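Hello,

Here is the structure I promised to pass on. Please have a look at it, and then read my notes below.

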Amino acid sequence: MMGTMRTLISNGTVVTAAMATEADVVIEGERIVGLVAPGAAGSEFNRVIDATGRYVIPGGVDMHTHMELPVSGTSSADTYETGTRAAAIGGTTTIIDYAGQTRGGTLKDGLAEWMARARGNSYIDYGFHMMVTDVHDRTLDEFSEMMHDGVTTFKLFTAYPGVNLSDDRQILEAMQVAASIGATIMMHAENGIAIDALRDQAVARGETDPIHHLLTRPASMEAEAVHRVVALAEIASCPLVIVHISSQDAFAEAVVARDRGLPVFAETCPQYLWLAQEDLPEGFEAAKFVCSPPLRRRAEGHQAALWSGVSSGRIDAVATDHCPFTWEQKEAGRGDFRKIPNGLGVVEHRIDLVYQGVVEGWIPLTRWIEVTAETPAKLSGIYPKKGTIAPGSDADVVIYDPAASHTLSAKTHSMNLDYSVFEGAEIGGRVETVIMRGEVIVDGGEFVGEAGRGEYLHRGTNALLPEKVAD
Ligand code: URP
Ligand code: ZN
Ligand code: ZN
């Protein structure tokens, strides 16, 4: 026993994507080494954590974040330090952030830039997707190099013309290259060209308030883009994750693709499950809620449709698209909604917000873990190191108290954000203790982590590709 720290988590209910069962969890150093019957593990432990009445769940995997993302002359407000601390407090022990290419720049330089930001600052383990915003022959040649560096997923955009958008030829060619090397394409699907016309027309009519951000990004423009990129992916035989699905229209397109047997995966976010156009405050304050794709009307049934997808398994993953901007940053768009930086602060609340689906009786406990940890880990190529509680997996474990409750508020959250889009939301359940690779980093709700302990995850390929699942 000398040298290696041995931890026992006793008397809890272990929940994974596959089961909810009474078991004790044995941790040695940074790894889980066993799940045993309650009381059967003996007494040779340096530390025993009593989890009576608690759920013992794998650390959450948030497969979509943007820490310090440079956007329109500013950067998203959470650094790797503040953002990963907030993630950990909320029960997330792994993020896959989006590194980016500058126009005219290389993917290699983009990755190096993001690595430098995260290294030494992250409290939890992290990997990177690569945002490809300037597709040309040299960029495509770099895809294989990225794969060697552990970046196995590439994000393309049909949105944001002049900044991120790729045209159909660029998307098709990138998909062909991705397919040939076993990579997966992550797709931001909204018809950015048509949306830009609608935005300009609205401003020309004097419609400059934040609500017009939502009204000029109709669900049909999201669905159209999903349909188009699925068609391109089919030609290229390329696996696809449609990220941040916000509408039932876009979700329906993803479902059609899946039902045809295509490797098309669906990601949504807590904000699209819980928030709606109807929740927006009057006037410019609605800028707090501006993100793309936008929040949709509850009366049209989008949130209910997305919950039904989480329940049925047709939504694979719930990630946050965490991209917070302070009120001062949002103020840049006063008088012109097109200048409001897009994005919400959510990373701290994902596990709680999806758990509310269990509280409501909409999803079982196992599904909560499947969409917040196991499937994101599989899609990201880091399973079973991350995303489950099993011998050999990293000891990333959260002890969750279903009997506790708390209220979400900017006054108490840890994200670097001076407001909350979830202000006043009552949450049944609470993260109590978080262990990241064997170390307690949240103890009874108190953060006790060490900056820089988070390591870069050299990721494998998507484990849910049909050929892999068949193995
Ligand atoms: O509004 C959003 N979602 N901002 C983050 C960037 C993106 O498109 O994912
Ligand atoms: Zn996006
Ligand atoms: Zn995003």
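Donors here are N, O and S atoms within 2.8 Å of the metal (3.2 Å for Na, K and Ca), and water is not among the atoms, so sites may look incomplete.

Some ground rules. This is a predicted model, in which local features need pLDDT of at least 70 and side-chain atom pairs count only at pLDDT 80 or more, while totals for chains, interfaces and linings use all residues. Residues are numbered from 1 along each chain as its sequence is written, chains are lettered from A and ligands numbered from 1 in the order in which they are written, and side-chain values use heavy atoms, with hydrogens and water left out.

**The zinc ions**

Let me start with the zinc ion (ligand 3). His64 (NE2), His66 (NE2) and Asp321 (OD) coordinate it at 2.0 Å. The angles among the four donor atoms of this zinc ion (ligand 3) run from 87 to 137°, and the site is irregular. Along the chain, its donors follow the spacing H-x1-H-x254-D. His66 sits in the loop between β6 (60–65) and β7 (70–71) and Asp321 in the loop between β15 (317–318) and α11 (327–330), so this pair ties together parts that are 255 residues apart in sequence. (Helices, H or I with at least four residues, and strands, E with at least two, are DSSP runs numbered from the N terminus.) Both residues count as buried: His66 has 5% relative accessibility, and Asp321 has 10%. Buried means under 20% relative accessible area, exposed over 50%, and partly exposed in between (1.4 Å probe, protein chains only).

The zinc ion (ligand 2) is 3.7 Å from the zinc ion (ligand 3). Its protein donors are Lys155 (NZ), His188 (ND1) and His244 (NE2), at 2.1 to 2.2 Å, and their spacing in sequence is K-x32-H-x55-H. Lys155 in strand β11 (residues 153–157) and His188 in strand β12 (residues 184–188) link distant parts of the chain, 33 residues apart. Lys155 is buried at 2% relative accessibility, as is His188 at 1%.

**Ligand 1**

Which residues are around ligand 1? Among them are the zinc donors His64, His66 and Asp321, along with Tyr160, Cys291, Ser292, Cys323, Asn342 and Gly343; a residue is listed if one of its heavy atoms lies within 4 Å. Some polar contacts (pairs of N or O atoms within 3.5 Å; within protein, one must be able to donate a hydrogen and the other to accept it, and residues adjacent in sequence count only if both atoms are side-chain atoms) are worth a look. Lys155 places a polar side-chain atom 3.0 Å from an oxygen atom of ligand 1, and a backbone N or O atom of Ser292 is 2.8 Å from an oxygen atom of ligand 1. A polar backbone atom of Asn342 lies 3.2 Å from a nitrogen atom of the ligand. The protein buries 95% of the 270 Å² that ligand 1 exposes when taken alone; these areas come from the Shrake-Rupley method with a 1.4 Å probe, and for residues only the protein chains shown count as cover.

**A backbone detail**

Best wishes

Key. Four donors count as tetrahedral if all angles lie between 85 and 135 degrees; four count as square planar and six as octahedral if opposite donors are over 155 degrees apart and all others between 65 and 115; anything else is irregular.
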